[in-house]
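Hello,

Here is the structure you will be working with.

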Amino acid sequence: KVDRSFTSKQYRSYTSAGVIDVSALFKSDTLVYNQIQECYSNSGVTILMQAEGMEKEFMADCIKSLQKSTEKTLDEKKVSGFCSCQLTMVKEKRLTDAQMEDLSNPNSLLFYEMMSTCGNPFSDKDDIDNSWSEKATNDIKGPAIDTIKVITLNGMTYVRMKTGSMVLFWLLDTGAADLLINKDMETTLKSEGVLTSNNYLGTGVYEMANGMIDTCRKYRMNNIRIGDYSIDNIVVAVTDKGKKIIAGKSLLNKFSNWILDNKQNNLVLKR
């Protein structure tokens, strides 16, 4: 677009210390500037070009976009790390604008690849890592392997667990992150000294299965009993909006291996 559009005199007039102010040069000719903008916007790779040629602008736009998408204050270091990782991923995969739009779809392949590669910029600073690791076995007391009977009702699986003095059936939900309890349970566990100000983690925002957003109180809890196991260092969220209690994936992730045997109605856990 710029080939033969400017004279040597024009180039010299926008040159200082051997550097041409290309942006100012382009803007000096409205016709050329509009042609360049149209070429850029119609390229389909505007984000890739920004990533390759204007890294500071890419990072600033990424950080601003993340902060606008939530009401809570984000961890600057975590957000910066995520955007830097995204920048690298855009350049390495040479992602188009159409592909980048997939990031707004929380069910898309690119969204999950980005989140699994770059981490979750919206997680709280004090979140416990719920992924399995060798050190997770330190939070488990009990046998090497245990088989626990479960109950299936209306296609949903329930498992018996003990917290404090309460032995209850919990909905086993591998799509949920933490354990979810109701306000009545919180009151009982507080009266028993299981939940105290010392293990209170503040509040967290959770998206429920029906799409509802709930702000829950969070605690770090020990001695949760399931089968012959006692498990420590589990995040428990308290909801004021329902009675259902849920055993999320963070509980299962303490174990190196788990199997849900639908035929025998057994949950097999292995340290």
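In which loop is D139 found? D139 lies in the loop between α8 (109-118) and β3 (140-141). Helices (H or I, at least four residues) and strands (E, at least two) are DSSP runs, numbered from the N terminus.

This is a predicted model, in which local features need pLDDT of at least 70, side-chain atom pairs count only at pLDDT 80 or more, and totals for chains, interfaces and linings use all residues. Residues are numbered from 1 along each chain as its sequence is written, and side-chain values use heavy atoms, with hydrogens and water left out.

D139 has a relative accessible area of 15%, so D139 is buried. Buried means under 20% relative accessible area, exposed over 50%, partly exposed in between (1.4 Å probe, protein chains only). Neighbours within four places in sequence aside, D139 is in contact (heavy atoms within 4.5 Å) with S230, I231, D232, N233 and K254.

Next, the strands. Two strands pair if DSSP finds at least two bridges between them. β4 (residues 145-153) and β5 (residues 156-163) pair in the antiparallel sense over 4 bridges, and L153 stands opposite M156 in β5. This hairpin has 2 residues between its strands, and N154 in the turn has a positive phi of about 50 degrees. β5 is also joined to β6 (residues 166-172) by 6 bridges, again antiparallel, with V159 opposite W170 in β6.

Last, helix α9 (residues 183-191): its buried residues are M185, E186 and L189. They cover an arc of only 100 degrees around the axis (taken from the directions from the helix axis to the C-beta atoms), which puts them on the same side of α9. The face turned away from that side carries the exposed residues T187 and S191.

Regards
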